[in-house]
Structures are given as structure tokens and as C-alpha cells.
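Please read the numbered points with the model in view.

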Amino acid sequence: MEARILWADDEIDLLKPHILFLEQKGYQIDTINNGADAVDMAAETHYDIIFLDENMPGLNGLETLAKIKEKNQSVPIIMITKSEEEYIMEEAIGGQISDYLIKPVNPNQILLALKKNLLKQDLVSQKTTHDYQVEFRQLGMRINDRLDVDEWAEIYRQLVTWEIKLQESNDEGMKEIFAMQKKDANTQFCRFIDRNYQDWVGGDEDTPLMSHQLLKNKVFDSLGKEPVFLIVIDNLRYDQWMVLKPLITPYFNIEKEETFYSILPTATHYARNAIFAGLMPSEIEKRYPNLWLNENDEGGKNMHEEELLAENLKRNNKKVKMSYNKVVKLDFAKRLVDRFSDLLVNDLNVIVYNFVDMLSHARTEMEVIKELADDESAYRSLTVAWFNHSPLKEILKKISEKGIKTFITTDHGTIRVENPVKIVGDKHTNTNLRYKVGKNLSFDDKDVIVSSDPAAIKLPRENVSSNFVFAKENDFFAYPNNFNYYANYYKDTFQHGGVSLEEIIIPFIELSAK
């Protein structure tokens, strides 16, 4: 049997042709002519779907719907009515119906409603699988072309779109094929970065928009005309933005949805300081030595973002009143919501939200978070769950109510690492798993992207023999001592600092209030 159906209608005898039609299609139909008996039958028997006539004597359709849902919230219910009055539709939809049909209905309408509600997951899965199969070859050919910066950004956006669509598919084989194609894309992208990054930093004309250029090119022109909010969500990947997007669009229109390239290393110390300073790291160190800390210096490496932003505004002749708030704890975020009205006197309000970064670190260190986010899809779902219950959502709602222009962006992305590669360094080598900086580093050249001249990519040189070494694709660094322990401990965790599509191509969103 395809499914078991309960059909409640006070004129059920007149629906015999419809019932015979469905039985011939393999459905099992139980019928009843009143709402009270429908409630009892729904409580005693598992039904895959229920048809309810809206205009029955005694318990009407809406009352029957409410009583059935009290005992079984998940059963799909299709309301059938002669009335087209808007209030009836609104009450039915508010009562969580799955579909709504207007009499007279024909057998094909009923069959379509059944397929849509009972087979939706399978039909969507089949359609998604077919569509991806059609595009697979074209994507593969493009990935292996010599793409420019904009074409790589477009390829990554397409891959993210397919990844999110395929997560709803039942076709595990197709998911594996996609994973291989995404890995191939990352391999080619790493070669692209290796060939071009130094030229970009040196001012090549084909340079993509990068971290240190972001505010000047995308935000500063909006200052002074109206209040502006800039929300920087640390460690937010493009796919995470895509699943947050439906939660934000009820309050905002998306004016622009763009990407830019994070500088290397794709780590907060470098990328976020570059965003606020409007300078590359070596330029920050040279111009503002009191505001920059190198890897081996003691203290927080992002403690001077507000001062760097103030200097950036000054250099660009932006005489505006600004506020800067970094959210690292829930109680501070709640207080920020409470004093939201105090922010409205500023031309620019910057809010840095560290939760997504903390989520990725917690997933590494806490077993319960690993279980909750054991793959990419679950990691995105956890991001959605956080946002839905976060003070950030409340802040965005308040911003929308005031009609204020808002930008959402990030400093870098993160990648789920799987493959450990060996590296050897002295005791002064930094601890990041995706990039290393130090002298006399030992590694296999084929495993890494290396810069033996940090100044050429505008990174600070702590001593004459310092190198920067970046992990590629989904690799991570592990020392030979206790190699197997650390390889297993960090495998399947989310890390940043290296070279991958996920870490480098990141979102920049311009919003206007609805």
C-alpha cells in the first residue's frame, strides 16, 4: 500500500468515485462522515494523511483539525471546503494544515495533493539529483579551466548552492560524487592562490577585493548620510550565510550579496586586523607598532581593532561618530540589546560577534558539540539554531525597525580538516593547525604553500629566516611527536588559517530595512 488515508466529509457517499480512483492507485482509504468520529479514528489508527471537510455538522473542519492536532501534531491534514472566504483560509493555515483545496475537487487534484505531501522529500531528492547530474560535467570542465578571481567566486557560490540542496537528497552516492568534485575544486583553487597571491598583494590589476580594502570600497561611502551598522560575524562561511539568509530576509531586503577574498593567513589575528586597519599586516606593524602583536608576543592579538578602525577612518577623511562593540559573552550581548537606543546617535556602529568562531573551537574541544555538528549539514544547522535564539537576531530586528542600513560580513571562513601532514618546528613555532610561522621549519613541499619572504606578501618578519607555511585543501599540521594522537584528535574538526575555498571566499552583504 502507498499510504493509509482518513477522509472525513459529511457527504462522503458522493465522493465514492474519488475513493475508488485512489484505491486503484494503491492507497488505503478509511471514510467517516463527521468530525467527532474522525478525531477518535485518528487517535486509534496511524494515518499517513487526513482529508477534512471544512463544513461538517457538529464538529466542523477547523474544530476537528484542532482536536486531531492536540494528539498528533505531525500528521499531515488537507482541508477541503466550498468556501473561499479569507478568514477560513487563515484559520486553517494557522491550524497547521498541509494543503488547502476548494470544492469541487477532481481525482487528479487529490492525487497531486497526496504526492506533494507524502512524496515531497523523494520528489525533491530525485529532482535535485537529476539537476546536479546535468550540471556536474559543466562544473567539472569549468573547475579545470584557468579561471579568474570572479569566476572562482562564482564556482564556489554554485558549489555551496548544490551542497545545501543535496543535503536534502536521499542519494548518498550523489553526495559522495559532489564531495569529490568539491575536493577537486579546492585542489585547483589552491594552485590558483599559489600562482597569484603574491601578485595581488603587490598591486596586480586583476587583484580581487581583499580584507584590507573592504571598508574603504564597500562601507565608507555610506557614512555620514545616515546611520550605518556593520556586523562582523567571526568565522562565518558563505554556506552559513546562505542558511541564515532566510532568517534575516523577513526584516531586511538584500541590496547586494557579494564575496571578497580573505588575506593570508585566514586567521583572526591577520584578517580581521586588516579589515579594520585598512592595511596589510606588515603595514600595520610598521605604521602602528603599538597596535600590533606578532605571534610570539604576549597578549591578545585583536585587542586594538577599535583604534585601528579609528585610524582607518581618519586616513580616509571620515569624520564620523562611531561605536565599537565586541561580543564574546552572552550577558554582554543581552546588555547591548537593552542599550540599543544609545547606539542610534552614532554614524557608524560596529558589532563584532565571536560566536561562530567559538562554535568551531568548541566543536574541537567538546564531545557534545562534535556529536551535534558531526558533518557540514549539522554544522550549518547548529549555526541556525544559535542565531534563532541569539541576541544578534534581536539586534537585527531593532535595526530593521529603525530603518537603518546594515552590512554583514566576516573576517575568514573555516574548513573541516581530515588529512594530517607532518611539520617540524622549534619551540617558538605558533600552534595554529592551518598555518605555521617560524624559522627552520621542515615539511614536504608538495603538502604546503610556502612563503620564504613574508615581506613579499606583506606579512611581518619576526627574524631573518622566518617562513610562513600554509596548509592546503582539508589538510592540517601535526608534529611527528605523538603524531597519531593529534591526527585523530583534530581530524574532522573545523579549522582556519590556511588556503581553501571555504576560508578565503567569504560573504559581504548589504541590507536595507523592510
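**Notes on the structure**

1. E163 and R380 are both buried (buried means under 20% relative accessible area, exposed over 50%, partly exposed in between, with a 1.4 Å probe and protein chains only). The two residues form a salt bridge whose closest N and O atoms are 3.9 Å apart; a salt bridge is a side-chain nitrogen of Lys or Arg within 4 Å of a carboxyl oxygen of Asp or Glu. E163 belongs to helix α7 (residues 149-166) and R380 to helix α18 (residues 376-388), so the pair ties together parts that are 217 residues apart in sequence.

2. This is a predicted model, in which local features need pLDDT of at least 70 and side-chain atom pairs count only at pLDDT 80 or more, while totals for chains, interfaces and linings use all residues. Residues are numbered from 1 along each chain as its sequence is written, and side-chain values use heavy atoms, with hydrogens and water left out.

3. The chain contains 21 helices and 19 strands; helices (H or I, at least four residues) and strands (E, at least two) are DSSP runs numbered from the N terminus. Of its 514 residues, 52% are buried.

4. The structure holds 28 salt bridges. A network of these bridges links E163, K182, R237, D239, E376, R380 and E502.

5. A salt bridge also joins the side chains of K183 and E473 (3.3 Å, N to O). This pair connects distant parts of the chain, with K183 in helix α8 and E473 in the loop between β16 (466-471) and β17, 290 residues apart. K183 counts as partly exposed at 45% relative accessibility, whereas E473 counts as buried at 14%.

6. D234 and R272 form a salt bridge, with their closest N and O atoms 3.5 Å apart. D234 lies in the loop between β6 (228-233) and α10 (238-248) and R272 in helix α11 (residues 268-277), so parts 38 residues apart in sequence are tied together. D234 is buried, at 1% relative accessibility, and R272 is buried, at 2%.

7. Which way do the residues of strand β17 (residues 475-478) point? D475 and F477 point one way, F476 and A478 the other way, and all are buried. In a regular strand the side chains alternate between the two faces of the sheet. Strand β12 (residues 419-424) runs parallel to β17 and is joined to it by 4 bridges (two strands pair if DSSP finds at least two bridges between them). N419 has D475 as its bridge partner in β17.
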